[in-house]
Amino acid sequence: MKMKLRKRTAVAAALSLCLCCTACGTSEEAVPSVPEENKLVVYTSHKEEVYAPIIKEFEERTGIWVELHTGGTSELLEEIAAGNGEFTCDIMFGGGIESYSAYKDCLEPYICSRNGSIKEQYRSVDGSYTAFTELPIVFIYNNKLVDSSQAPTNWQELFYESWQGNIAFGDPQKSGSSYTMLVTLIQVMGMEPEVTLRQFARALDYNVSAGSGQAVEEVSSGVRAIGLTLEETALKAIDNGADISVVYPRDGTSTLPDGCAIVEGAQHEENARCFIEFIVGDDVQQLAVERLHRRSVLENMRETGDNGMKVLDFDVEWAGEHREEILKIWTDIMTEQGR
C-alpha cells in the first residue's frame, strides 16, 4: 500500500476555536445532524475514564463532533485492516505503538508539530503513529493472599510452581498491552519465543482474563494471587480501594507508550490531524499525569519519581514485525489445551 509522508498543515486555527458541543457520541448513539466537515470517527481501545474527558474537551475547543467506537486494540486494528467495518474510521486512539507498527500499511503517516518535544525514543521515524502516554508494565499482588516478602520481584519468578494457575493475565488476542507483556517476557528470558510462551502458558494453567483491567479485578477480588498489568491500571485500582500492591521487576520492564494514528483514506483527515495535535498538547499531557496515572511522552513534562524502575530497551520494530507469528504460536498453544 503506497503512502506519502505528510507534514502538519493549518490545524492551529482549529485548536483555538471555543465552540461548545454536546458530549461525545458512542457506537450506540446516532450522530446528530452536523456538517460533514465537523465530524471525526474515532476507534479507541481506551477505557471511558481516559477517553471521555479528552474527547469532551476536544469537542468543546474545536466544534468537531466525535463519533466513538470502542473495543480491544487488536480487534479494532484488524477491522481497520479488513476495511469491512460498519463505520469508516478516521483515527485509531489507544494501543501500544508496536501494534501500530504491525498495521502501518493501513495508516496515513503524519508528523505532528510537537514531534521534537516528544521523548526521542518514542518518536515515530516514519510518522505512522504519534505516541500519547508512557505505560510501564508492572506486577501486582493481593495483600491478603501474598506477603510482600514472597511477591515475585523478577520475570523468572513468574514460572515458579507456587504461582501456577494463580497468575492473572489478559488475553493477548484482544489486549495490546498483554501482547507487549508477552514480548517483554520473551526479551527478558532470552529463550526461543515458543519455549517461553509454552512455559508461561503452563504457569497460567492456560487461563487468561478478558484484558489487563480484568486481570486487576481478579487479583483484587482474590481469584488470582498475582498478576500482570499496566502501572496506570493498577494505580487507579488502588485509588479506588483495591487491596493490592505494585512491583516493578528488578530485571527491568518495558515502558512502551500507547499511540494514535490516522487511518489511510480517512474521510475527515484534517480533523484527525487536529485531534493528534490536541492529545500531545500540554493541557492533555498534564491531565494524563495528574488525573489518569499516566506518564507524559513529552520531554519537559514534570512528573513523579520512577519508583526505581529499570527500563528495558524494548524492540518495537521486532514486536511489530513478529506480532502475527507470536500470536499464532500463543493461539496454537492455548488451542492444544482446549482453551
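The chat below goes from the whole chain to some of its parts.

Q: What am I looking at, and how are residues numbered?
A: This is a predicted model, where local features need pLDDT of at least 70, side-chain atom pairs count only at pLDDT 80 or more, and totals for chains, interfaces and linings use all residues. Residues are numbered from 1 along each chain as its sequence is written, and side-chain values use heavy atoms, with hydrogens and water left out.

Q: How many helices and strands does the protein have?
A: There are 12 helices and 13 strands. Both are DSSP runs numbered from the N terminus: helices are H or I with at least four residues, strands are E with at least two.

Q: What share of the residues is buried?
A: Of the 339 residues, 55% are buried. Buried means under 20% relative accessible area, exposed over 50%, partly exposed in between (1.4 Å probe, protein chains only).

Q: And what share of the contacts joins residues at least 24 apart?
A: Among contacts between residues at least 6 apart in sequence, 80% do. Contact means heavy atoms within 4.5 Å.

Q: New topic. How many aromatic pairs are there?
A: The structure holds 10. Rings of Phe, Tyr and Trp (its six-membered ring) pair if their centres lie within 6.5 Å; planes under 30 degrees apart count as stacked, over 60 as edge-to-face and the rest as tilted.

Q: What kind of pair do Phe93 and Phe132 form?
A: An edge-to-face one, with 5.1 Å centre to centre and 65° between the planes. Phe93 is in strand β4 (residues 91-96) and Phe132 in strand β7 (residues 130-134), so the pair ties together parts 39 residues apart in sequence.

Q: Is Phe93 buried or exposed?
A: Phe93 counts as buried because its relative accessibility is 0%. Phe132 is buried too, with a relative accessible area of 0%.

Q: What about Tyr100 and Tyr129?
A: Their pair is tilted, at 6.5 Å centre to centre and 55° between the planes. Tyr100 sits in helix α4 (residues 97-102), and Tyr129 in the loop between β6 (110-111) and β7, 29 residues apart. Both Tyr100 and Tyr129 are buried.

Q: Which residues do ring pairs link into a cluster?
A: Phe58, Phe93, Phe132, Phe275 and Phe278.

Q: Back to α4. Where does Glu98 stand, buried or exposed?
A: Glu98 is in helix α4. At 0% relative accessibility, Glu98 counts as buried.

Q: What is Glu98 in contact with?
A: Leaving aside neighbours within four places in sequence, the contacts of Glu98 include Gly176, Tyr179, Leu256 and Phe314. The C-alpha atoms of Glu98 and Gly259 are separated by 9.2 Å, though the two are 161 residues apart along the chain.

Q: Now helices. How do α6 and α12 cross?
A: The axes of α6 (residues 193-203) and α12 (residues 323-336) come within 10 Å and cross at roughly 40°. That makes α6 oblique to α12. Angles under 35 degrees count as roughly parallel, over 145 as roughly antiparallel, 65 to 115 as roughly perpendicular and the rest as oblique. Axes are lines fitted to C-alpha atoms, for helices over the stretch in contact, and angles run from 0 to 180 degrees between N-to-C directions.

Q: Which residues make the contact?
A: Among them are Leu197 and Phe200 of α6, and Ile329 and Trp330 of α12.

Q: Last one. Which residues of helix α8 are buried?
A: In α8 (residues 231-239), they are Glu231, Glu232, Thr233, Ala234, Lys236 and Ala237. Just after α8, Gly241 takes a positive phi of about 100°.
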